[in-house]
Amino acid sequence: MRRFLRATPRQWALIITTFIITIGLVISLEVWYRARLGLGQTEGTVKLTHLQSRVRIARDSFGIPFIEAQNQSDLFLAAGYATAQDRLWQITILKMAGSGRLSEMLGPKLLESDIYMRSVGLLQGARKSLALMSPAERHLLGQYARGINLYIKHNRTPIEFVLAGVQSEDWQPVDSLTAFAMANYDLSNNLRPELSYLKLAARLGWRKAAILTPTQPDEPLPVALTTKLNGIQASEMDQIATQAASVLQAGDRLALAVNPARHAEPNPVPASNNWAVAGRRTSGGKSIVANDTHLLISIPSFWMIMHLKAPGYDAAGVMIPGVPLIGLGFNGSVAWGATMMMADSQDLYLEKLRSNGEQLEYLYKGEWRLAGKRIESFKVKGAAEPLEVPVYSTIHGPLLNGALERESAIRGLRPQRLQTKWGLALRWSMQDGERGVSGLLALGRARTIAQARAALSRIDSMYLNIVYGTADQIAWQTTGRIPIRPKGKGLFPSPGWTGAYDWQGYLAFDKKPYEIDPRRGWLATANHRSVPTETSPPITASFVGPWRYRRAKEMLEARPLSDFDYMQTMQRDQTSLYARDLFKEIYSSGMQAELQKAASRLSADQRTAFQSSLEYLKNFDARMVADSSPAALVGAFYYQFSRAVFLDEEVFASNPDLYFQTQYGYTAGMDHLLVNRPSPFYDDVTTPDYLETRPDMIARSLALAWQYCQSELGTNPADWRWGDLHQYYWKHQLSYGLAALGYWLDMGPQAAGGDRSTLNVSGFNWGQSFQTTWIPAMRLIVDFSQPDPAWLVTHTGQSGNPASPHYRDMQASFLQVTPHPLSFQPERMRAQYTSVLELQPE
């Protein structure tokens, strides 16, 4: 003992380090052991109530389940059982987030987000959707809920619940519709830009802020659309911006709770590619349909894969966890894939408010009207009693800031009266109910193009470009209720008190854009401007840039006859037509003269770096592949340009996130770099004696990019690799709070190629970091000329349990862009699905 006490400081350090490592290993082993207990049974038999007949859940080498039942009631119960086994934590988070109950699970830090979500009213929309369903459809949702609850009853709680210190609870049919509504909310992309615009406008003014929201490279900046907000004074704008900031903060906390990738990408753009090739343009003589959906990088994946089969329903593909239907995939006769149409389905209205005693009123067409009011009750973890909060609404929808303007309520769980004279009301088509689950059920049963189109007419609030096909036909259909706006495009917030910007119903389904069997022999969408700009009513001003669509068109027209392998080549492609357009202009004679003139104003070191960049990129092939040295320099160029042009502004210098929060699909950075038009942001405010122009910023950024690569990647350009800067990194929700679990829960880093303009997308936020934030979350190819047409893979694994061998086993297939079969042929299915669990009636 004395010898132990006389240990030297170095020995003590070794003893303490060993002790800490030992404790860490013990804790890790305990967590691993408990996670293993939560895996559930995948072979043998299990007896369950509410089953009519035996059901087989057969899994393949990736853990993908093929569920075969003798009736649809049993099929959906088994689907719920398998969903809970693979993704119980994920579906619980989706349900609690959409219902505004995260603080019930995770504590008061998420109360503000819950108040926000109750104000949005997803749960109310889900209840309306449930009422719109037929009794038979509600029964299937009920069976799915029973399957989840039976799994919870007979199995151990997954490790995430243990680590978070919460219990799982029973699933209800409305929870599936809440999960579906939550997916719709996450894929809608209009509310956040309008809130961000209000924050910017308070600092920059309406017109200057509009310069940061370009629509398309060939369209004028939307400055003229801001005139509807003229007359609001600067002091009033500050108050409005404060309200917008509180709503944004609540929404951001909610988004982070659902997907921590929002730390790196505050404004993910739900994008995607899909295309279809007619049989006369394929080597096999039959149609091909392909799809890859671009979503935030996450673990577990946004999607899970299943094959569900019973008399009357046989479909395989990806599902939203918690929603018991194949969302995108193949049913033996019809294949379908989706991209976001980018329709503007959410409008923010500025409302003038006043208090009248204990009541809240709002101005509408010259009259003060009584605001609607409902009381929401919140059970907050650790609180002795529930908190009751009033949520207000106007004719346009719920007031998002009304319930949030209660600092003391959030801190001390005591209500406070509304103080502001301005309200932010949300109009969203989801508030009118959604028949999308019914539509997807019918789509899974469709056998013809006509039946598929009829099914798509029921998708009300998910705005998609569906490209679909049978062996002999291909088609494109837009979905979702398109608001009819009497004025404007919905791009910026509208004055609610005039009534001039109220929606006038929805566009009829037969008026929505569609196409069947085009003469050119192919169809493709990539979130691009798929309708003419003069389309009435306007669908959106939020299309992303044209480059992915142009690349798909270029590749489809380059091949007289496409085949399965060529579809894979397209999904691997990392050629950026944005870069091609940009450097074509940079190396034009006119721009070269301007750049050399601009370079003369740089320092000697920067002039040398500029000339080096210009020489090195002269023959750049526009391929943003991971092992490309020029691509690394181009990526650094994008990064430096955004910082040089925008972050010198006083409003952004002290708060860079204010700029990054405004950048959606077609960004101000992309527009300023590519399009030659006047902008006050080119001027460097730190050089008051000179007014910089676009060539000045391009020259400076090329110099800074060269210096950056030398600093970060080495002095020899031959050693530079785009994948050394730009990487995939998957981070689990719990590793943000428990960093020690990161080595076990997280994946990566892995070298990434591509950027936001390549078919094989790998988006990153220019000027913020190079970290990949959105990716192809799944890749689907259905080649009707093959005996087994369908192939599909996601990017992580089927299971959300980190102890499962199927937590991350699809990663290699994702990185290599290799497919995985969704067999429909009986003999191939027997060979593929070898691990069998039989569910038997108790």
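The largest nonpolar core of this predicted model has 242 residues, a nonpolar core being a set of buried Ala, Val, Leu, Ile, Met, Phe, Trp, Tyr and Cys residues joined through side-chain atoms within 4.5 Å. Buried means under 20% relative accessible area, with a 1.4 Å probe and protein chains only. In this predicted model local features need pLDDT of at least 70 and side-chain atom pairs count only at pLDDT 80 or more, while totals for chains, interfaces and linings use all residues. Residues are numbered from 1 along each chain as its sequence is written, and side-chain values use heavy atoms, with hydrogens and water left out.

**Nonpolar cores**
- The residues with the most contacts inside the largest core are Ile67, Tyr116, Phe637, Tyr638, Phe652 and Leu839, where contact means heavy atoms within 4.5 Å.
- Helix α3 (residues 72-98) gives the most to this core, with 15 residues; helices are DSSP runs of H or I with at least four residues, and strands are E runs of at least two, numbered from the N terminus.
- Not counting residues up to four places away in sequence, Ile67 touches residues including Val55, Ile57, Leu75, Met306 and Leu308.
- A second, separate core of 17 residues includes Trp522, Ala526, Met555 and Leu759.

**Strand β9 and its partners**
- In strand β9 (residues 335-340), 6 of 6 residues are buried, with Ala335, Gly337 and Thr339 on one side and Trp336, Ala338 and Met340 on the other.
- Strand β8 (residues 328-330) pairs with β9 in the antiparallel sense over 2 bridges, pairing requiring at least two DSSP bridges between the strands, and Phe330 stands opposite Ala335.
- The β8–β9 hairpin has 4 residues between its strands, and Gly332 in the turn has a positive phi of about 95°.
- Strand β17 (residues 464-469) runs antiparallel to β9 and is joined to it by 6 bridges, with Met340 opposite Leu464.

Key. Buried < 20%, exposed > 50% of the residue type's maximum accessible area, 1.4 Å probe, protein only.
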